[in-house]
Structures are given as structure tokens and as C-alpha cells.
Amino acid sequence: MSAVLAVENLSVAFGPARPVERVSFHVNPRETLAIVGESGSGKSLTALSMMGLLPRNARASGQILIRTPQGRVDMLALPERRRRLLRGKQIAMVFQEPMTSLNPVHTIGRQIEETLIAHENLDRAARRARVLELMNLVRIPDAARRIDDYPHQLSGGMRQRVMIAMAVACRPRILIADEATTALDVTIQAQILQLLDNLRRELDVAVVLITHDLGVVSQWADRVVVMYAGLHVEEATPAQLFADPLHPYSHGLLAASPRNSEGLTYRDAPLAEIPGSIASARGEVGCPFRPRCPAAREVCGAVVPPPVPHRGDRLVACHFPGILTEEARLVPAFA
Amino acid sequence: MAQRKSVPRQIWRIFLHAIPTVLGIVVLNFLLLQLAPGDAADVIAAEAGSATEETMAALRRSMGLDLSVLEQLKTYLLHLAQLDLGHSPRYAMPVLDLIMQRLPGTLILMATALGLAVVLGVALGAVMSSFAGRIPDRLLSVLSLLFYSIPGFWIGLMLILLFSVKLGWLPSGGSGTIGSSLTGWAAVLDNARYMILPAMSLSLFYVAIYARLTRAAMLEIRNQDYVRTARAKGLSPLRITLSHILRNALIPVTTMAGMHFGNMLGGAVVVETVFSWPGLGRLAFEAVMARDFNVLLGILLLSSLVVIVVNGLVDLLQSRLDPRIGAN
Amino acid sequence: MPADSTLHKALATSAARTAPQPPAAQPEWRHIHAPDARSATTAHLPPRQGYAELKLFLRNPNAIFGIVVLLAMALCALTAPLLFPRDPLAMVGRPFLWPGQDAAFPLGTDSMGRDVLAGLVHGARISLYVGVAATVLGLSVGIVVGALAGYFGGVTDRLLSRLIEIFQTLPSFVLVVVLVAILAPNATTITLSIAIVTWPTVARLTRAEFRSLRQNDFVTAARSLGFGHGHIIFREILPNALPPIIVTSSVMVAGAILMESALSFMGLGDPNVVSWGSMIGGGREMIRTAWYLTALPGLAIVVTVLALNLIGDGLNDALNPRFSEDRL
């Protein structure tokens with residue numbers, strides 16, 4: 001396979017609850033894949049599964065295939081001590097909260113160094129040189145002085161840069177950014193996303209951007225996976241998705257976001273919203289979006305639509321894809 | 001962002017903060033001395049055997065004991081400045097010398113007991129936290145609660161019963177083999193044999209506290225974001241436990257350890273008495289028996305000063321352990 | 001989506017056929033099926049179950065055990081004059097009878113032929129009396145001082161905090177010994193002395209609670225309604241500050257009992273009363289031959305204090321649910 005990461009039929013269960021249900025997608029080398037969804041969609045759990053960091057009481061099934069120099073490995077099938085060797089080295093993650101994601105009692109230099117200690121065989125001087133190199137790579141100013149600073153002495157944006165430095169220290173093939181910019185100011189957000197994109201090209205790493213922000217998706221992603229209630233409901237390029245959303249949920253997401261190109265102001269019309277909440281999906285036998293879908297039909301309540309290819313390389317999990325965008329398309333009446 | 005304050009500046013700040021407290025303790029000490037039955041003149045008269053009313057009055061006048069309370073306070077403070085804590089009738093020594101003679105014994109015992117309590121307590125707490133909620137944790141929890149409920153003097157007696165009387169492994173009292181002429185390492189080992197039971201008795205109470213504290217701290221830290229980051233970096237479990245979890249759990253433990261120093265001094269009073277350990281605690285017991293209030297209050301004052309010094313040291317240690325402290 | 005499009009009408013009617021009928025007088029969203037969108041009113045909340053914490057507390061087996069034991073001890077204390085009407089200090093039999101040797105003295109006799117069981121049962125009286133009385137006194141003073149310091153802040157807080165610090169620096173048991181030695185040992189002075197060393201902890205705790213609670217809106221609301229400080233402190237803030245104070249109180253009783261027994265052991269107890277500590281002190285010399293004289297009263301202390309600590313744990317789990325999550 002040419003993909004650097006392939007998630008095959010991933011399901012995660014906590015007792016009776018199944019927050020992730022048979023999700024499949026792949027990530028190509030040097031591309032940015034965005035995973036979009038609201039809270040409760042299962043995107044963060046998917047990310048944790050990719051890292052093999054699920055809590056002990058979670059049961060995961062399916063495969064997480066990572067292409068390493070030694071061949072393909074399935075993260076879920078490996079014992080923990082083998083997984084540990086992959087984490088940080090082949091696949092790395094940057095988390096949402098830079099304020100609490102760094103240990104307050106160790107210097108940032110030491111925390112970046114830890115990744116190198118765990119995976120590489122360098123002596124002390126070489127490690128320190130590498131740390132400085134990494135700090136420069138992520139554009140931390142005055143690196144030589146800041147290397148001995150403590151996290152509380154840095155701003156949020158700086159801390160996130162440190163997190164990124166820690167993540168790319170060993171040149172992983174895949175970098176997952178789980179809402180990495182949500183907790184930052186808008187201007188800093190843009191800088192960090194630009195940094196991730198630069199690193200993607202400079203270090204030849206595939207980036208998985210987990211976000212709920214469609215603006216981020218439109219600017220930075222090569223492909224988008226939309227998740228709802230643990231299911232993979234749509235996959236397309238941003239251009240395709242924004243021009244022509246096939247799944248009613250994607251359609252609702254786009255309708256709900258203000259788009260400057262249309263000159264939309266709040267005085268003209270209220271923002272459309274998707275009524276109800278994701279909690280309505282619980283207990284649904286068929287499509288989980290049915291309770292909130294304006295176009296729901298009887299089959300939607302009976303059968304879960306699987307993601308199927310549509311119009312070439314797009315995927316959509318809907319019995320009636322595109323129903324909301326094309327008024328002209330008449331839906332055959334159902335018995 | 002602010003840099004950490006230098007150590008000398010921190011010491012100065014701690015010193016300044018402690019001054020009003022020291023003054024308060026000194027004044028309190030003085031007031032207690034006034035309350036105590038009998039005064040210096042009675043002491044001298046007692047030593048002499050007897051005295052008449054006139055002699056007593058003259059004595060009091062010559063010692064300045066008939067002056068106003070404020071005047072006496074001034075005298076007291078003056079004496080203190082000259083490191084004069086009064087005279088002990090029972091031991092016929094200056095109180096300060098007497099205390100200084102006994103202080104090292106107590107400090108060694110307390111340091112050992114505290115060290116033992118921290119090491120055992122943290123280890124126990126770490127084990128408890130890794131089995132959180134399961135049977136080993138519940139059992140150890142009740143066990144540590146049991147330790148917390150045992151009076152120090154009683155466990156001392158029971159330990160003597162077991163290890164000295166029944167098994168004959170360890171001595172039942174004193175601090176060294178009498179009349180022995182051991183030197184160097186042999187002497188240290190000999191002293192250590194005598195210190196085991198008293199240190200254990202003193203530390204048991206605190207083992208429980210540190211175990212529960214460590215357990216709670218580690219459980220809370222385990223859920224912190226930075227531990228998740230450490231796992232995501234692929235660090236070994238040992239390194240995560242030591243360098244991230246335990247290292248951060250030390251902060252609340254050291255805070256508590258500092259606060260316990262004063263309490264432990266109280267425990268030392270009974271433990272030293274039970275084991276005839278030559279320290280400040282046993283001196284206090286003897287002073288109580290003899291109603292020698294000069295010595296008793298001298299011990300109160302000096303032990304308070306030791307507590308203040310230890311608290312200052314703990315403050316310094318804290319700012320080393322947690323770089324967030326001290327940065328404004 | 002224009003509401004009058006043909007497609008929309010077609011979908012709406014077909015959807016309405018399959019969807020369950022929404023109740024009348026609801027907004028005109030025919031295509032909405034999500035149950036949460038339908039209920040525009042806030043959910044009907046059941047009234048707060050009274051004493052939810054009490055139920056939680058009573059479900060804890062350790063806490064139940066603690067209460068049972070404590071009640072047994074209290075029963076002993078109250079019925080002692082009925083069960084053993086003779087003065088427990090009276091000599092009633094042959095000395096040094098072992099437990100079980102003589103049916104009349106199930107737990108044996110001591111060096112002076114006094115009934116050990118009678119001593120144990122009577123000893124519960126002084127322990128529980130001192131424990132409860134000292135705690136009540138310490139709580140009263142501590143709550144008042146802490147509330148004033150935490151509520152008013154400013155100079156009041158600085159002065160009172162300094163006072164708290166002074167009393168916390170003085171080693172507690174040493175101060176208790178000094179006070180009891182000065183004031184002649186009896187139940188009242190012992191209770192007073194123990195209260196004097198325990199109030200600072202309560203004060204500190206109360207101060208912290210008040211400092212955080214006084215920022216809350218309900219305080220501002222009370223002020224704007226014209227309520228005076230007294231009302232706000234005691235009727236508004238204090239009830240909310242109580243949980244940690246309640247938890248601390250059971251630990252305080254335990255500590256007071258330990259201190260009283262240590263004092264009696266040292267000979268500073270009330271000379272007219274039998275106390276568990278004094279029994280241990282009396283039996284200390286005979287530990288080689290009649291060790292039951294030290295073991296039995298000690299067990300009584302351990303069991304009582306353990307019961308109080310179990311209750312304290314149970315209270316903590318019930319009143320601070322955050323910490324009890326560790327038990328999962």
C-alpha cells in the first residue's frame with residue numbers, strides 16, 4: 001500500500017457504548033488529512049487509537065496499519081512494549097491544551113530531549129545540539145536561552161511549538177494534531193498551522209488535522225473525513241466538499257458556518273442550525289443522523305448506510321447522497 | 001517572564017517573615033514562665049534548704065523579680081540576646097548547655113524517623129495507587145489507617161516486647177552499649193541497633209500519612225495531560241513513573257513533611273521516654289517530673305526555633321522542586 | 001432551505017407519516033425528530049433528596065464499623081458506673097492475675113490487684129470526655145478565628161494569620177505538656193490545653209474556605225439585601241464551609257484521645273481517674289512478665305481511634321465526592 005497510515009474498520013467500545021463504529025480511511029505520505037466532526041463524533045478517540053493510547057477499559061477492534069521501514073505493522077495487534085517503540089518514532093501527536101500538556105517541573109529542553117533519549121542513541125552533547133536544532137525548526141526565538149526555561153515562562157503559542165518540536169524530534173512519518181490550535185488566539189493559530197504545513201514539506205511527514213473548524217479545513221487540508229456519532233459519513237477534498245456536500249450532515253455544517261464570499265451578515269438572515277444534538281443518535285438502529293435529518297426516510301431508520309464511493313474518489317455514507325443540494329433530484333417514493 | 005529568585009534573596013525573605021513569629025513565641029514563652037508556680041528565688045531557696053521571708057524578699061529584689069512585668073520582659077529579652085536561658089536547679093547547669101547537650105540525639109532520631117516515614121510511605125503509596133480500587137489497595141488503606149491510630153508510646157512498648165523481650169534481637173533502651181570502646185563504623189552500627197526501634201515507633205504514624213498522600217497525589221497526576229504527553233512520546237513506563245508522576249507527587253509530600261516536624265517533636269517526648277533515648281524529649285519528661293520550668297520552657301522555645309528553621313529549609317526545598325513557586 | 005419548496009413539502013408529508021406524532025402546541029418544525037428539540041422546557045428536576053450524603057456515608061462498610069465501635073465505647077463510658085460500681089482504683093483481688101485465670105476478673109488484675117476490665121471500661125469515660133470536649137472547644141475557637149480572618153481580610157487577616165502561625169509553630173505536644181505541668185493536671189486543664197493546640201488547624205481550614213466562599217454571588221446578594229456581617233458569616237457562608245470542617249472534627253477527636261493517653265502515660269493525667277494511658281504507664285515496668293497490662297489498654301486506644309479515623313474517612317468520601325472517585 002502506498003498509504004503511510006491505513007485505518008481499517010476501527011471500532012472502539014466502552015461497555016455497551018460504541019463511540020467509534022467501523023471507521024476506515026487512509027493517509028498518504030506528505031498529505032494533510034483533516035478529520036472533522038463535533039464533540040462526541042469520536043474523532044479524538046480515533047486519534048488516540050492511532051497512537052495506541054486508548055484507556056484500559058476500552059475495547060478496540062479493526063486494524064491500524066502503519067508503514068514503517070520494517071514493513072507494515074498493526075498498532076492494535078502489537079503488545080504494549082512494541083507500541084511504545086512506535087510512539088514518538090513513527091507516529092506522534094500534538095494535543096489540544098498546551099498549558100497543561102507540559103510537565104511544569106522540567107525544563108522544555110529536557111522534555112524535548114526525552115523523546116530523543118527514548119528512541120535514539122545520541123550522547124549528551126549531540127542531544128542538546130539536536131534540541132536546539134528542533135527549537136529553531138519550530139521557530140522558537142532565542143533558542144539557546146530558552147532551552148532551560150520552564151513551561152510556565154512561555155506563552156501558549158510557544159508551548160505548542162515546544163509540543164510540536166517534541167513530536168517531530170525523531171522524524172515520525174505521521175503527525176496527528178488533535179485540535180492543536182483550538183486553545184490559541186486566532187493569529188497564533190494561523191502561525192502554528194503554517195508551521196505544521198512547513199514541517200510537512202520539510203520533514204516529509206503526513207499530517208492528520210483533527211478539528212471542528214471548517215475554515216482550517218478549507219485552508220490547509222488536502223482531503224477531509226467527516227465523522228458523526230462515531231461513523232465515517234463523508235470523505236472528499238475540501239473543494240468538493242464545500243461546493244457539493246453529499247451527506248446531509250456536511251450540508252448542515254456548511255449551512256451553519258458564515259461564509260464571507262456570500263456577504264452574509266447577521267442582519268440578512270439567521271444562521272441556519274442543525275436542530276437537536278448529537279445525543280439523539282444514541283439508540284438509533286439505522287443512520288445515526290436520522291433524528292436530525294430533514295430528508296430522513298423509512299430506510300434510514302432501518303439500515304445503517306455504509307460509506308460507498310460516489311462520483312469517483314469521494315465516499316459518502318448516506319442512502320440518499322446529495323439529496324439536500326439538488327432540489328431537482330426527485331426522490332422515489334418509498335413504500 | 002520572571003526569573004527565579006536567587007537563594008540568598010529567598011533566605012532573606014524567609015528570615016524577615018519569621019521575625020514577628022519568633023517575637024510572638026518569645027513573648028508567649030515569657031508569659032508561661034510568669035504563670036509557672038515558683039520563681040528563680042524559690043529555686044535558689046530550695047537548693048539552700050530553706051529561707052526566711054526576709055531573705056526571700058531580699059533575694060527577689062536583688063534578682064529584679066519585684067519589678068513590673070514589662071521590666072521583667074525586658075530583662076528576659078536581654079538574657080535571651082546573650083543566649084542565657086536561665087539555670088536548671090535539678091541539673092545544676094545553664095539551661096542552654098543542657099539543651100545543646102541533648103539536642104543532637106533528638107535531631108538524629110527525628111531525621112531518621114522522618115526519612116524512614118517518607119521512604120516507606122511513598123513506596124507504600126505508590127503501590128496503593130497502582131492497584132487503585134482493587135483489593136491490595138483497600139487492604140493497604142486500612143493498614144495505613146491502623147498505623148495512624150496507634151499511639152507512639154504503646155507501639156514502642158509492644159516493639160520492645162517483641163524484639164527485645166521475646167526475641168532478644170534488639171536492645172530495649174539507651175543509645176549505645178554502655179562501657180563499650182567501639183570507634184568508627186563499629187560505633188555507628190552499634191548506635192544504629194539502638195535507634196531502630198525508637199525510629200520505627202516514631203515514624204509509624206507518619207508512614208500512614210505519606211502513604212495516603214502519595215496515593216492521592218499519584219492518582220491525580222496520572223490523569224494529567226502531561227502524563228498523556230509523556231506516553232505519546234513513547235517513554236518507558238519506569239521513566240514516566242519516576243520522572244513525571246513521582247517527581248510531581250513529591251511536591252505535596254515535602255510540604256507535609258515540613259509541617260510534621262513540630263508534631264514529631266511531641267512524639268519524640270514519649271518515644272524517648274519509653275526507650276531511654278538521651279534526647280530533648282526525655283529531658284522534657286524529666287523536667288516535668290521535677291517541675292523544672294526553666295528547662296521545660298527552654299525546650300519549648302528552642303524547639304519552636306528549630307521548627308522555624310526547618311520550615312524555612314522546606315520552603316527553599318519547595319522552590320527547588322516546583323519552579324512555579326517564587327516567580328511573581 | 002425555503003420552506004415552501006415542493007420538495008420540502010413532499011418530504012415533510014412523508015416524514016410526518018413515519019414520525020411519531022409530536023404533542024400539540026409545539027413549534028412548527030414538522031421535520032424535527034430529535035427528542036431534545038421537542039422539549040423546549042427544561043427537564044423536570046426531581047427535588048433534591050434530603051441527606052444524600054448521609055446515605056452515601058451509611059453505605060460505606062468501614063464507616064459503619066467505625067460507628068458501631070464508637071457507639072460501643074460510648075456505651076461503656078456511659079454505663080461504667082452501672083457495670084462496675086466499685087471504684088476501679090480499688091484493690092479487689094490478687095495482683096498479677098492473667099486474663100482468663102479467674103472468672104471474676106476476665107481480663108486479669110494489675111500489680112495492685114485492681115480489675116483490668118473495670119479499668120478499661122471506666123477509662124473510656126475520660127478518653128471520650130476529653131476527646132469530645134477538647135474538639136468542641138477547639139472547633140469553636142478555630143471556626144470563629146478562621147471565619148473572621150477569611151471574611152474580613154486585610155489587617156484582621158494579617159493579625160489573626162500571624163497568631164495562627166505562632167500557635168502552629170509551637171510543637172503541639174510539648175506545649176500541651178508545658179501547659180498541663182503549669183496548670184496542675186486534671187480533666188479540665190487537659191481539655192483546655194489540647195484545645196489550645198488544635199484550634200489553629202481548624203482556623204486555617206476555615207479561613208481558606210471563607211476566603212474562597214466570600215467571592216461568591218450569594219454573599220454579594222446577601223450584602224445588597226442589607227444583611228449584617230454576623231448573619232452572612234454564620235447563616236450564609238458557614239453552612240457551605242462545613243464539609244471539610246466536619247471531616248476534620250472526627251480526626252481531631254482521635255488526636256485528642258491520643259494526646260490524653262500520652263499525658264496520662266507520662267503521669268500528667270488526672271490523678272483521680274483511671275485512664276487507658278495511666279494503665280499503660282503503670283504496667284510499663286512489668287512488661288516482661290505481665291505484658292497484658294500494657295497490651296490491653298493500648299488495644300482499647302487503638303480500636304477507639306481507628307473507629308474515629310474510619311468515620312473520618314467515610315465522612316470524607318461522602319462529603320468530598322471528588323476524592324472518592326479514586327475508589328473506582
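## Close-up views of a predicted three-chain model

View 1. A:Ala229 is found in the loop that links β9 (223-228) to β10 (231-236) of chain A. For context, most residues other than glycine have a negative phi.

View 2. A:Asp142 is not a glycine either, yet its phi is positive, at about 60°.

**View 3. An open four-stranded sheet in chain A.** Reading across the sheet, the strand order is β2-β1-β4-β5 (chain A), and the pairing is antiparallel. Which strands sit at the edges? They are β2 (17-27) and β5 (71-74) of chain A, each of which pairs on one side only. From one strand to the next, the twist averages 15°. Helix α1 (residues 43-51) of chain A packs on this sheet and touches β1, β2 and β4 (59-68) of chain A. The direction of α1 makes about 115° with that of β1(A).

**View 4. The pairing of β1 and β2 in chain A.** Zooming in on part of the sheet, we find strand β1 (residues 5-14) of chain A paired with β2(A) in the antiparallel sense over six bridges. In general, the strands of a sheet pair through backbone hydrogen bonds. Which residue of β2(A) stands opposite A:Phe14? That residue is A:Ala17.

**View 5. The contact of chain B with chain A.** In this contact, 20 residues of chain B meet 25 residues of chain A. On the side of chain B that touches chain A, α9 (225-232) and α10 (237-275) of chain B each supply at least two residues. The most comes from α9(B), with six residues. By class, this side of chain B divides into seven nonpolar, six polar and seven charged residues.

**View 6. The contact of chain C with chain B.** Here 40 residues of chain C come together with 45 residues of chain B. Four helices of chain C, namely α6 (154-169), α7 (172-182), α10 (229-265) and α12 (292-319), each give at least two residues to the side that touches chain B. Which helix gives the most to this side of chain C? It is α12(C), with 10 residues. This side of chain C has 27 nonpolar, six polar and seven charged residues.

View 7. Of its 328 residues, 43% count as buried. Among contacts in chain C between residues at least 6 apart in sequence, 66% join residues at least 24 apart.

Notes: Residues are numbered from 1 along each chain as its sequence is written. Chains are lettered from A and ligands numbered from 1 in the order in which they are written. This is a predicted model: local features need pLDDT of at least 70, side-chain atom pairs count only at pLDDT 80 or more; totals for chains, interfaces and linings use all residues. Two strands pair if DSSP finds at least two bridges between them. Axes are lines fitted to C-alpha atoms, for helices over the stretch in contact, and angles run from 0 to 180 degrees between N-to-C directions. Two residues are in contact if their C-beta atoms, placed from the backbone, lie within 7 Å. A residue is buried if 20 or more other C-beta atoms lie within 10 Å of its own, exposed if 12 or fewer, and partly exposed in between; C-beta atoms are placed from the backbone. Ala, Val, Leu, Ile, Met, Phe, Trp, Tyr, Cys and Pro count as nonpolar, Asp, Glu, Lys and Arg as charged, and the others, Gly among them, as polar.
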